[in-house]
Amino acid sequence: MNLRELTELCLNQTKQLGCSYADIRILRREQQELSLKNSNVENIAHGEDFGFGVRVLKNGAWGFASSRTLSPEKVKEITAKAVRIAEASAIVKQKDVLLAAVPPVTAKLAATFQIDPFQVPLEEKIQFLGRIDDKLHQVKGVTISRAFMNFWKENKVFASTEGSYIEQDKIESGGGMEAMAVGEGDYQIRSFPNSMGGNVRAYGYEFVQSLGLLENAERIGREAVSLLTAKPCPSGEMDLILESSQLGLQIHESCGHPTELDRVFGTEASYAGTSFMTPDQLGKLQYGSPQVNIVADATSPGGLGTFAYDDEGAPAQCVDIIRQGRFVGYLTSRETARVLNVPNSAAMRADGWGRMPIIRMTNISLLPGDASLDEIIADTEHGLYLITNKSWSIDDKRLNFQFGTEMAYEIENGRLGAVVKNATYTGMTPQFWNSCDAVAGKDFWTLWGLVNCGKGQPSQAMHVGHGAAPARFRKVQVGVMKG
Amino acid sequence: MNKDQVLEILKKTLSQARCDQCEAVVISQEQELTRFANSIIHQNTMQEDATLTVRAILGKQIGIASSNLLTDEAIAAVLERATTIARLSPANEEFVSLPGPKPISEVDAFVPRTAQTTPEERAQGVRKLVEKIAGHEILASGAYSTTTNQLGVANSLGVEAYAESTQASFSTVLLSANSAGYADRESPDAGQIDAEEIAEEALKRTLDARDPRAIEPKEMETVFLPYAVAEMLDYLAYMGLGAQSVQEQRSFVNDFQGKQAAMDEITIWDDGLDPRGYAMPFDFEGQPKRKVFFFDQGVVQGVVYDSFAAFKEGKESTGHALPQPNGYGALPLNMFMAPGQATVEEMIRSVKDGVLITRFWYVRPVHPKTTLITGMTRDGTFKIEDGKVVYPLRNLRFTASILETLAGVELIGKELKLEAGFFGGTMVPALKTKSFKFTGQTTF
């Protein structure tokens, strides 16, 4: 049986078993990771993963079952298991699950890339990483140097009882580096182009080549060492300028997560929490200043949250979440959009074949303003310019946050000054975003990829995107740690 | 997947290996998880998976490949890929060898009734919990999972190890209009999971936590329930209890080894053979789990090793390797803290002006070497004055050093509770410390 026949076998069986809806996803994933550390190979590994998951609605409740073994017999067994699980779900239900309409579609979509990273010779990649690692390690005082690349390839088939059959392929590539320095009771790190896996995009090997890793290695090494003798972060209220990648994570935590409508409806309460951005605030809450425009854009070229159809077969959308500071939109699924009676923003994705889709961020991006970074700095009397995330934490309704960055610069009278270490800042989400009074323009805007967004039970790690240009926030509390 | 199937895959893999040394690891899992929110079951899932990971060694060149396609052709392909990667990789000059075989203790960590738990039984557990809170204008959320694990490890030096285990986990967050309450139970045996007991604990906490008040964040005496203590230990382990963090000089152990760093009744160790936890007789290199003390009466002791880190120091692995590939090195997965003599009530009675914390949320390291972490309290935070819980609190942000917290411990709970850790389990008592630094507060 070919894949299409296997999906038909599954979907026909769900109809015979009385399901009101069913879908099946078949996924094949490959991952290659390469990392060098202190001139030695840390890891060079290749993984492949294959399987299918069946999601059904029976008696108005969800069931999901999955297996790595794709055979007609196993498809029948797993489909029956999903139905049995749905019947068990219905033991504790109140209302039947209803879904917003999605037109059936047949589509085949290829990955976007110029150079297939899985076809680039391993020796070439290792040699490239070796040159970066050497440059980092040659900086006096760097105790640990690390350079890495990661590549993912995904082939996905989605079919539903509503008649959709969608094949989507994707390639993602990323890379980065880290330099660490150790001093008396101290340990400092600098990463490039971002912490937590560098930067990753849905492109080919050409993206890694474009990151400027070699060109920035020596600077990153020097910065790590300089942090050991840098002055500690001051305490108090001051103006902050957040560099693009740190702002990307700020958007992720304080705008992306709280606008996931499943959280809002309480269905993530047991793990990730709920949200302060409740439906009664939709269209009313002044979330940020008029400079703040945030979109959920699943169509951004090369974004990790970019796709043609989500894991419910709904077409990708670009929707406003925050428009001129006002809260205007949610990330939704077919089920949650139907409950709130809003258009579905198509944000359902699953981490692989073995997980049920849940609402996930697409590319949640702050639209650029019109200033240059130099102009914003020049217009800042006293403050800090914070660079590259090191620590992040936010409460379970996404209000009280605290972030730390690898490095910061003092700003005095419109000029960058001394380097500051262990910088932290804290605040409450709406107050923080309402204090934003300048966003840099499109020349300073970068789309970042994060590959470690955790949510759900069992846990799911999702790849998501965030675009941002540096922005300024007035009178923010900084410096909550010792030393 | 059963023992014979796992061992057959390992044997097939090693018999075809064409490298100097070869390691094969099969990790197989079947997990069923029933998730509920708003007092209904809204997600209900099952996954069966098994992956073969091969580490091929050519001299000091190492290649790693994995696949969950476990056909004969796929096994050959994984071997070929790992060997090719090794051939193309530069030598890792720090690599010495895969570890050899050592005697492995028997551990009984598999409970058949956990493996046989049905979706209907999990749904009935959820129903019991939901019925228990009826009439309180409270909504229940949570998850009830039952998991079966098989682990097989073999290498060309003669290591051959197999173990199976089960895990049952039931947690709930109950939500009223302005409060939340948490409870969970962990056990290898689903028969030990009592949904009504979980409901009672979380319900009382949720009711007690209604109408929380604000306070000025500052350093205060603090009582931590085991939920919070377990998370603190997990982060301590992540930041500094693996040999790699010490070798790279980023662990607190570099500065405190052999020194008194915690209150003198604090004893913390890892023991993969203790059946009170999620016992595991060997690690992901097939090396036997050794008992490793991290703190002995407050004095900082050792850290855990995998073979790579151990060979670097001329030592033997303590049996704490993680699955390949990983950049973390060894980690403790079965931590225990010695109990004391106090009850939580006695801890509360000893507090003049302080806080009772049920659990943490979104903990992150701020400065690993000083064990400084930040995070929020969640699902039941209370003000204590003059020895009594006087009112519930809005959730507080803390920015505090774990080591300083352990140094300030004044009372240790006499009962231990098992909590799921990053991978395994952590078994800890409640603690009372003389000072914990709160640095912010949210609005709920």
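**Architecture of the two chains**

Chain A contains ten helices and 24 strands. Helices (H or I, at least four residues) and strands (E, at least two) are DSSP runs, numbered from the N terminus. The model is predicted, so local features need pLDDT of at least 70 and side-chain atom pairs count only at pLDDT 80 or more, while totals for chains, interfaces and linings use all residues. Residues are numbered from 1 along each chain as its sequence is written, and chains are lettered from A and ligands numbered from 1 in the order in which they are written.

The C-alpha atoms of chain A fill a box of roughly 70 × 55 × 40 Å along the principal axes. Of the 483 residues in chain A, 62% are buried. A residue is buried if 20 or more other C-beta atoms lie within 10 Å of its own, exposed if 12 or fewer, and partly exposed in between, with C-beta atoms placed from the backbone. Two residues are in contact if their C-beta atoms, placed from the backbone, lie within 7 Å. Among contacts in chain A between residues at least 6 apart in sequence, 76% join residues at least 24 apart.

One open sheet of chain A has four strands, in the order β13-β12-β11-β16, with antiparallel pairing. Two strands pair if DSSP finds at least two bridges between them. Strands β13 (326–327) and β16 (364–366) of chain A lie at the edges, and each pairs on one side only. Within chain A, β11 (residues 294–297) and β12 (residues 318–323) are antiparallel and share four bridges. V295(A) has D320(A) in β12(A) as its bridge partner. Helix α6 (residues 244–256) of chain A lies across β11, β12 and β16 of that chain, at about 120° to β16(A). Axes are lines fitted to C-alpha atoms, for helices over the stretch in contact, and angles run from 0 to 180 degrees between N-to-C directions.

Chain B has eleven helices and 19 strands. Its radius of gyration is 23 Å, close to the 22 Å of the globule rule for 444 residues, so chain B is as compact as a globular protein of that length. Buried residues account for 62% of the 444 residues of chain B. The domain assignment, which is automatic or from a database, divides chain B into domain 1 (3–203) and domain 2 (212–444). The centres of these domains, taken over C-alpha atoms, are 24 Å apart. Across the boundary, 37 residues of domain 1 of chain B touch 32 residues of domain 2 of chain B. Strand β5(B) gives the largest share of the domain 1 side, six residues.

The two chains also meet. Here 76 residues of chain B are in contact with 64 residues of chain A. Strand β2 (residues 40–58) of chain B gives the most to the chain B side, with eleven residues. That side has 31 nonpolar, 30 polar and 15 charged residues. Ala, Val, Leu, Ile, Met, Phe, Trp, Tyr, Cys and Pro count as nonpolar, Asp, Glu, Lys and Arg as charged, and the others, Gly among them, as polar. Strand β3 (residues 61–67) of chain A runs parallel to β2(B), joined by four bridges. S66(A) stands opposite Q47(B) in β2(B).

Methods: The radius of gyration is taken over C-alpha atoms; the globule rule is 2.2 Å times the number of residues to the power 0.38.
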